[in-house]
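Subject: Structure for you to look at, with notes

Dear colleague,

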Amino acid sequence: MKVMTENDPAMSESVHDFIVERLNIAGFSFDTEHHLVTADGNIEYYFPNPNTVTSDTQATDLFPFLVGIDPTIEKEFPYIEMPNGVIVDAFIKPTGIGYDVVLIDMSLQRDKHQQVQQIANVVSLQKDEISAENEAKSKFISTFSHELKTPLSSILGYSELLTEEDNARVNISANANAIHRNGIYLLNLINNVLEQGRADIQQTTISTSPVKLSDLLDSVSYLVQPLADKKKIQFSIHYGCQEDFVLVLDEQHLCQVLVNLVTNSIKFSQEGFVTIEVTYADNELQFIVSDTGIGIPEDELVTIMQPFGRAKHTRHIEGAGIGLSLSNTLVTLMGGELSIQSKLGEGTAVTVTVPTTNAVIASDLNGDAKMNDNKQILLAEDDEDLVPLIAYYLEEAGYDVLIAMSQSELKAELANHQPAMILMDHNFREADGIELTKEVLESGYNGKVIMLTASSGEAIVKQAMSAGCSDFISKPIDREKLITRLEEHLND
Amino acid sequence: MITKKICIIGDFAVGKTSLINRFVDNHFSEEYLTTVGVKLDTKELVTSTGTDIKLVIWDIAGADELTTAKRSYIDGASGYILVYDISRPKTLVSATNLQGSVVEEIGSVPFVLVGNKNDLEAKAPEPDADLIDKSCHQLKTSALTGDGVADVFQALAEAVVAG
């Protein structure tokens, strides 16, 4: 469409038309009152409706980019995407009796430019993400190293005192307690980091089995009581249901959650008490961990639920900042909920609710239990420090312990004895504990084999069970759990 | 009705186009498509004093500095929205630098300081008190959820009309 044409006499009409068509050029002349005077070029490309372009049309109605612009000054706007989607380079040229607006279609050029810019921006964003991840890793390593070194320093220091020959002035019991307490702290920290790693790659699996409620809470108490004692904080458990209820739960993960919550409560309390209140109703188990600690400001409740998130006012207190977020993840995986109520300076209450099955009284289950007379256990373990410790635990519990520290010793012991159970190290010297288990069972041993393993992967547990193991016990060995589990299996 | 030009500026991928799309069309796209040059949109509002105002919104391609071409884009703006991404701290640094360049180019006009992507974890610190003082409003938004988006444009329109 040509509204009015003022052809350059030096240019043939065909050349003019060719350029106009090829570049979709259009020119518009306005007077000083911003009314359209002439329009030339491929106008219909920009304004398909001819009624849009009339002599009554105001400049800013056609070209919103003129709003606020002084057209008496020459201007150039590259790559303007108009409201109708057309992309132009726009030129504004004063004429003395008004001004011209010239448009050149830049859609193709802009698309190419955009492709290049898009790639550049995406690469830059990815680089930033990698850089942020590296920074987070460095921060984690730095925090974790510090968290590891603190209890390790105590363990090394106190154990060195115990090895001194002239230790008459050394309080052996207090030092051993300090070593134990710091060991527990370290164990919980490592468990949290491993579990966080598994959660990050979505490899956490929930594994439920019947658990006596008091056994679960005794395990929690065993792990946290030394920390409470050290800070002179009163720790107690209040049962709002029967202690000997047996419920189907993921004992390991629930224990980890409760230990994390109680440890946090102790850590962030200077005095007072920390309690766990447990109730059971309608196939739902609820724990409320309450403290009289420093509390959390409301606006930081979201932050502390993030991995490595710490409330600002707690950053002077040691901690990796993963316990709470991990606990929340684990509770969610169990199909439960975790919520926090807190008041700054007054304390915090964390409520954990997990679904479970109908509660059964433990004594009802134990009615038919048979006592096994064979109290002989073969300990197949090659760690020279661990063997006397486990043997001591077993002998103190009334078991007759045989020891095999190599494959040949294992075979020799089995040739002469028929123990009720073998405690088999997963990484046994000269052999794989899983392969050895298969061999032993295939050779006719008819007792039970329980795998001892420091590995945390689910795959190893599955391999052990499919090799014929009756159970597995994780290292470090918890004395009470070890004895309870052995009794359960021997009386099964 | 009065018509005013406003610009939206900030580093790339802070969500400038998404804020406009949410405000103008109430639409959000997860796909990131970088803006090259400038994209124009219009939207009419009524201020709290009853003034009808048509905003011509210049969505200027993101960058950490105001290049020559971008300097021409902000010419004649009555106000601007200065956007950073709360999950990328360096975009707040860019916003602070851009604000200084805009003042050099067009002088002091009202601007609203916007921390976008409020649905993500905040990693950027709070802006400097100096930048907050210069702005007529400071708001956190999420183009994804729409949270705070209309308030940004309304606040700037009020400030532009108030002069």
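How many helices and how many strands are there in chain A? Chain A has 15 helices and 18 strands. Please keep in mind throughout that this is a predicted model.

**Chain A as a whole**

Of the 492 residues in chain A, 44% are buried. Among the contacts in chain A with a separation of 6 or more, 62% are between residues 24 or more positions apart. The domain assignment divides chain A into domain 1 (13–105), domain 2 (209–362) and domain 3 (369–490), and the centres of domain 1 and domain 3 of chain A, taken over C-alpha atoms, are separated by 88 Å.

**The nonpolar cores**

In soluble globular proteins, nonpolar side chains tend to be buried together. The largest nonpolar core here has 54 residues, and the members that touch the most others are A:Phe28, A:Phe63, A:Phe65, A:Ile80 and B:Trp58. If residues up to four places away in sequence are left aside, A:Phe65 touches A:Phe77, A:Ile80, A:Met82, A:Ala90, A:Ile92, A:Val101, A:Leu103, B:Leu40 and B:Trp58. Another core, of 45 residues, lies apart from this one and includes A:Val211, A:Leu227, A:Ile304 and A:Leu330.

**Where the two chains meet**

The contact between the chains takes 25 residues from chain A and 23 residues from chain B. Together chain A and chain B bury about 2100 Å² between them, with 62% of that area on carbon and sulfur atoms. Across this interface there are 11 residue pairs in polar contact, both residues being at pLDDT 80 or more. On the side of chain B that touches chain A, the elements that give two or more residues are strand 1 (2–10), strand 2 (38–46), strand 3 (52–60) and helix 2 (68–73) of chain B.

The count of salt bridges between the two chains is 2. In one salt bridge the side chains of A:Lys75 and B:Asp75 meet, at 2.6 Å from N to O.

**A helix inside chain B**

Is helix 1 (residues 16–25) of chain B largely enclosed or left open by the rest of the structure? Because 8 of its 10 residues are buried, helix 1 of chain B is largely enclosed by the rest of the structure. The buried residues of this helix are B:Lys16, B:Thr17, B:Ser18, B:Leu19, B:Ile20, B:Arg22, B:Phe23 and B:Val24. What covers them includes strand 1, strand 2, strand 3, strand 4 (79–85), strand 5 (111–116) and helix 5 (149–162) of chain B. After helix 1 of chain B comes B:Asn26, whose phi is positive, near 50 degrees.

**Salt bridges within the chains**

Side chains of opposite charge can pair when their charged atoms come close. Over all chains, the count comes to 16 salt bridges.

In chain B, B:Asp85 forms a salt bridge with B:Lys117, and their closest N and O atoms are 3.2 Å apart. This pair links distant parts of the chain, 32 residues apart, with B:Asp85 in strand 4 of chain B and B:Lys117 in the loop between strand 5 and helix 4 (129–134) of chain B. B:Asp85 is buried, with a relative accessible area of 1%, whereas B:Lys117 is partly exposed at 23%.

The side chains of B:Glu126 and B:Lys140 also meet in a salt bridge, at 2.9 Å from N to O. Since B:Glu126 lies in the loop between strand 5 and helix 4 of chain B and B:Lys140 lies in strand 6 (residues 137–140) of chain B, the pair ties together parts that are 14 residues apart in sequence. B:Glu126 is exposed, with a relative accessible area of 52%, while B:Lys140 is partly exposed at 29%. In chain A, salt bridges that share partners join A:Glu81, A:Arg110 and A:Asp111 into one network.

**A closer look at A:Arg110**

A:Arg110 lies in helix 4 (residues 107–163) of chain A. Is A:Arg110 buried or exposed? With a relative accessible area of 8%, A:Arg110 counts as buried, because buried means under 20%. Leaving aside residues up to four places away in sequence, A:Arg110 touches A:Tyr79, A:Glu81, A:Ile87 and B:Val36. A:Arg110 forms a salt bridge with A:Asp111, the closest N and O atoms being 3.8 Å apart, and A:Asp111 is partly exposed, with a relative accessible area of 34%.

With best wishes

Technical notes: Residues are numbered from 1 along each chain as its sequence is written. Chains are lettered from A and ligands numbered from 1 in the order in which they are written. This is a predicted model: local features need pLDDT of at least 70, side-chain atom pairs count only at pLDDT 80 or more; totals for chains, interfaces and linings use all residues. Side-chain values use heavy atoms; hydrogens and water are left out. A nonpolar core is a set of buried Ala, Val, Leu, Ile, Met, Phe, Trp, Tyr and Cys residues joined through side-chain atoms within 4.5 Å. Buried means under 20% relative accessible area, exposed over 50%, partly exposed in between (1.4 Å probe, protein chains only). Contact means heavy atoms within 4.5 Å. Domain bounds come from an automatic or database domain assignment. Helices (H or I, at least four residues) and strands (E, at least two) are DSSP runs, numbered from the N terminus. Buried area is the accessible area (1.4 Å probe) that two parts lose on being put together, summed over both. A salt bridge is a side-chain nitrogen of Lys or Arg within 4 Å of a carboxyl oxygen of Asp or Glu. A polar contact is a pair of N or O atoms within 3.5 Å; within protein, one must be able to donate a hydrogen and the other to accept it, and residues adjacent in sequence count only if both atoms are side-chain atoms.
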